[in-house]
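Me: I would like to learn how to read a protein structure, one feature at a time. Could you give me the general idea each time and then show me the case here?

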Amino acid sequence: MAAAPQPLKKVPIHLQSAQNRLYIRHGQIVNHDGIFTADIYVEDGVIKFVGPSSEITVPGGVRTIDASGKMVIPGGIDPHTHMQLPFGGTVAVDDFYRGTKAAIAGGTTTIIDFVLPNKGESLLEAYDKWRSWADPKVCCDYGLHVGITWWSKSVQDEMRILCEERGVNSFKMFMAYKGLYQLADTEMMEAFEKCRELGAIGMVHAENGDIIAKNVKKLLDAGITGPEGHQLSRQEEVEAEATNRACVLAHQVDCPLYVVHVMSKSAGIELAKHRQRNKGVGIYGETLAAALGTDGTHYMDKCWHHAAAHVLSPPLRPDPTTPEFMMKLLANSIGRCMSEVKGSDQVYFITSPPIRDAPETPRQLMKSLAYDDLQTTGSDNCTFNRDQKELGLNDFTKIPNGVNGVEDRMSVAWEKGVHAGLIDPCRFVAITSTNAAKIFNLYPRKGRIEAGSDADIVIWDPRATRKISAETHHHACDYNIFEGMVCHGVPEMVIVKGRVCVEDGQLRVAEGQGSFIETPVYPPFVYDALNGIKQVEEISNGVKKFDMNETLKIEIPNNEP
Ligand code: URP
Ligand code: ZN
Ligand code: ZN
Ligand code: ZN
């Protein structure tokens, strides 16, 4: 007769179907702050135990998974997607089902998408529309950012309702798309002020829309209508200028800022300089899988469709050393990057004095290395098929903007980061999962392997390889911008809230198995640090007296190398 199931020594067990319970043994657990070998016990979609085998007795009938020789990492969080986005007269083909299915296939178990209201549209109505599209379709949990695409008293009132009653803590402002989404500087500043008042995060699409509009006219007048015109109309300095301006505007009103899709060396350096000045507090930057895995030389491809497939904004950069540079910014190595770009004509410095001219005593250099330069990787997944891209056959401004990336983001980041020797597995977890969870207030429920966290778990095989191709990907789109790229680092098993969704190369998901997750305001990772710095500044300016009895809440920013 089989022995009766033994209760766990340290974890209470409830009798239930073995389907809900998983025991993952002997894996190398990787969190952003450490690697250790341990077992994991999962029940009802939540991690109940992480520790040595000697401390757990698992009842019979529980599914046991042997993770020896593999890494066990928190599921990826993609903080930037546009599933089924209506854009440029058409709709992105990866809807919330296909998009989240592709995400899971690649090891991403949470996405944060963008509600983008039309000009004049109620933010709440747009939010409800996005929820009605996503809720029945998502295969993994998702959150929502909301775009501030126009500015009025009603927009401000609705921002408050979104924060207080709808689980939103982040708002994206556009400095580009003139005539469509672009806000004026004064409007942006007011929007930042509102974010600060609500405990939210201001986000920006940083490109100077006025310059772009002028350049577009010049190029079209000169007969340049192909995809190469897209890049020519919005060069690096156009992105760098807006990045600098966004940092200044947000800083003026003490609003925490998250710059989405940082695509160029110049913009990355602008952001890094502001982060150094602000002691790594209150300014965050995201780059994209696209920026790490490919480059803007594709805009010159003689095949129109090939070039058009790579059109997104800000564009990929023609300087082929850009991807490695962006990875180094994620790797927290501005000192190294700055010495590499000295003398480069391709990089534009907007703020003065540029760091390269600043006196670099060893202490200052150490200080500049203390804060990481970019914190997260998104995909900006916004996919359009060949026939949709053809809307811009005679005019590059009409090519729907967007590329794939939600499926391949993790593998591209591993290949270009860990496999290339630029980051370690802990930093990989930070830039693909934990940092997004901290900034958008999902941590430690998401972004960590720990008792109490959601069981969004990836068993990652760092030695296995796979070749990316549109033939085998899970997107609805008919191209893949990483076509032919061989990546080390394969998500061998993907577990979404305790459900095994990827195993033995098979993907099994159910439409609607995911849920909307609220992102509460005042993320401690962001606001505690901001308030702490503010107090220190006030004390050193003599505005405030230092009070021994008052706790200074300063969380050390994420500064592990
Ligand atoms: O090209 C892009 N990025 N398309 C989506 C809209 C945006 O600006 O993020
Ligand atoms: Zn954008
Ligand atoms: Zn082609
Ligand atoms: Zn986007």
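Reply: Let us begin with two terms: strands (E, at least two residues) and helices (H or I, at least four residues) are DSSP runs numbered from the N terminus, and two strands pair if DSSP finds at least two bridges between them. This is a predicted model, in which local features need pLDDT of at least 70 and side-chain atom pairs count only at pLDDT 80 or more, while totals for chains, interfaces and linings use all residues. Residues are numbered from 1 along each chain as its sequence is written, and chains are lettered from A and ligands numbered from 1 in the order in which they are written. By these rules the chain has 17 helices and 19 strands.

Me: In what order do the strands of the open sheet of eight strands run, and with what pairing?
Reply: Strands of a sheet pair through backbone hydrogen bonds, either parallel or antiparallel. Here the eight strands follow the order β6-β9-β10-β11-β12-β13-β14-β15, and the pairing is parallel. The edges are held by β6 (76-81) and β15 (376-378), each with a single partner strand, so that one side of each is left without a neighbour in the sheet. On average, neighbouring strands of this sheet are turned by 30° against each other, direction ignored, where the axes are lines fitted to C-alpha atoms (for helices over the stretch in contact) and angles run from 0 to 180 degrees between N-to-C directions.

Me: How many bridges join β6 to β9, and how many join β9 to β10?
Reply: Four bridges, in the parallel sense, pair β6 with β9, and T81 stands opposite D113 in β9. Strand β9 (residues 108-115) also pairs in the parallel sense with strand β10 (residues 141-148), over six bridges, and there D113 has L144 as its bridge partner.

Me: Is β6 largely enclosed or left open by the rest of the structure?
Reply: A residue is buried if 20 or more other C-beta atoms lie within 10 Å of its own, exposed if 12 or fewer, and partly exposed in between, with C-beta atoms placed from the backbone. Six of the six residues of β6 are buried, so this strand is largely enclosed by the rest of the structure. Helix α15 (residues 409-419) is also largely enclosed, because nine of its eleven residues are buried, among them W414, E415 and K416. For the chain as a whole, 53% of the 561 residues count as buried.

Me: What does the UniProt annotation cover, and where does K172 lie?
Reply: UniProt positions are given in the numbering used here, feature names are shortened, and annotations may be inferred rather than shown by experiment. The unreviewed UniProt entry carries the annotation "modified residue: N6-carboxylysine" at K172, a residue found in strand β11 (residues 170-174). K172 counts as buried because it has 22 C-beta neighbours inside 10 Å. Two residues are in contact if their C-beta atoms, placed from the backbone, lie within 7 Å; leaving out residues up to four places away in sequence, K172 touches F114, H145, G147, I148, M203, H205 and V260.

Me: Which residues of the largest nonpolar core touch the most other members?
Reply: In soluble globular proteins, nonpolar side chains tend to be buried together. A nonpolar core is a set of buried Ala, Val, Leu, Ile, Met, Phe, Trp, Tyr and Cys residues joined through C-beta atoms within 7 Å. The largest one has 153 residues, of which I40, V72, I104 and A246 touch the most other members. Neighbours within four places in sequence aside, A246 is in contact with M175, V204, A206, L257 and V259.

Me: Which strands pair with β16 in the antiparallel sense?
Reply: Strand β5 (residues 71-74) pairs antiparallel with strand β16 (residues 457-467) over four bridges, and I73 stands opposite V458 in β16. Eight bridges join β16 to strand β17 (residues 486-496), again antiparallel, with T465 opposite H488 in β17.

Me: Where are cis peptide bonds found?
Reply: One joins S313 and P314, with omega about -10°, and P314 lies in the loop between α10 (304-309) and α11 (322-330). Another joins Y443 and P444, with omega about 5°, and P444 is in the loop between α16 (425-439) and β16.
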